[in-house]
Amino acid sequence: MDVRKIDQDFILSDSSVNVYGMRLLTAGYKMDEFMKNPIGYYGHKKDDGVLLKWEDVRLDGDQVIGKPVINMEHPRAERTIKEIENGFLNCASVGKLCILDYELEDNPADADDPIVVVKTWYNKETSLVDNPGNRNAMKVELCDEHDNELNLADLIQIQNSKFKIQNSMKKI
């Protein structure tokens with residue numbers, strides 16, 4: 001297969017709150033799971049085929065960083081490389097997130113919607129994107145460790161129920 005390595009670091013993720021009201025804690029990232037098949041698409045478009053794989057994936061402080069290797073047989077390969085080299089494409093976004101452990105924290109910006117803090121997680125792909133949900137580096141497609149689909153609202157409802165039960169138990 002014809003590939004082209006891009007010698008440019010991309011931030012794949014960090015612990016900041018994304019536009020979905022989630023914080024993926026870098027400390028809980030299971031990088032070894034992603035590295036079993038470190039692929040990516042353009043804009044999370046799986047149907048268009050695998051555009052890249054990630055190499056040199058590593059932690060740098062609070063950031064997960066990696067370098068893309070472009071599949072030159074992909075119809076978007078040349079365009080992607082030109083966009084990267086010319087500074088028009090410089091964002092990555094983790095996708096198909098497997099959430100293993102999480103909790104809620106108060107949201108100072110919106111008291112009604114808590115922040116979902118994902119304490120342990122991994123992703124099944126990381127795409128190059130033009131507009132990521134994490135402005136630092138996410139399309140939200142969530143699953144559990146058994147690949148069952150999860151919904152962000154369900155996670156909040158489940159966690160709120162656990163919180164209410166725990167508070168009730170303390171009163172008894």
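Start with C98. This is a predicted model, and in it C98 is buried, with a relative accessible area of 0%. Then C91. At 17% relative accessibility, C91 falls under the 20% cut-off, so C91 also counts as buried. Now disulfides. A disulfide is a covalent bond between the sulfur atoms of two cysteines.

On to the rings. A pair of aromatic rings is described by the distance of the centres and the angle of the planes. The count comes to two aromatic pairs.

Take F10 and W54. Their ring centres are 5.9 Å apart. The planes stand at 75°, which is over 60, so this pair is edge-to-face. Where do the partners sit? F10 is in strand β2, residues 10-13, and W54 is in strand β5, residues 52-60. F10 is buried, at 1% relative accessibility. W54 is buried too, at 1%.

Next, Y29 and W121. This aromatic pair is tilted, with 4.4 Å centre to centre and 35° between the planes. Y29 lies in the loop between β3 (22-24) and α1 (31-34), while W121 belongs to strand β8, residues 115-129. So the pair ties together parts that are 92 residues apart in sequence. Buried or exposed, Y29? Buried, with a relative accessible area of 10%. W121 is buried as well, at 1%.

Last item, a charge over a ring. R76 lies over the face of Y42, 3.5 Å from the ring centre.

Key:
Residues are numbered from 1 along each chain as its sequence is written. This is a predicted model: local features need pLDDT of at least 70, side-chain atom pairs count only at pLDDT 80 or more; totals for chains, interfaces and linings use all residues. Side-chain values use heavy atoms; hydrogens and water are left out. Buried means under 20% relative accessible area, exposed over 50%, partly exposed in between (1.4 Å probe, protein chains only). Rings of Phe, Tyr and Trp (its six-membered ring) pair if their centres lie within 6.5 Å; planes under 30 degrees apart count as stacked, over 60 as edge-to-face and the rest as tilted. Helices (H or I, at least four residues) and strands (E, at least two) are DSSP runs, numbered from the N terminus. A charge sits over a ring if NZ of Lys or CZ of Arg is within 6 Å of the ring centre and within 35 degrees of the ring normal.
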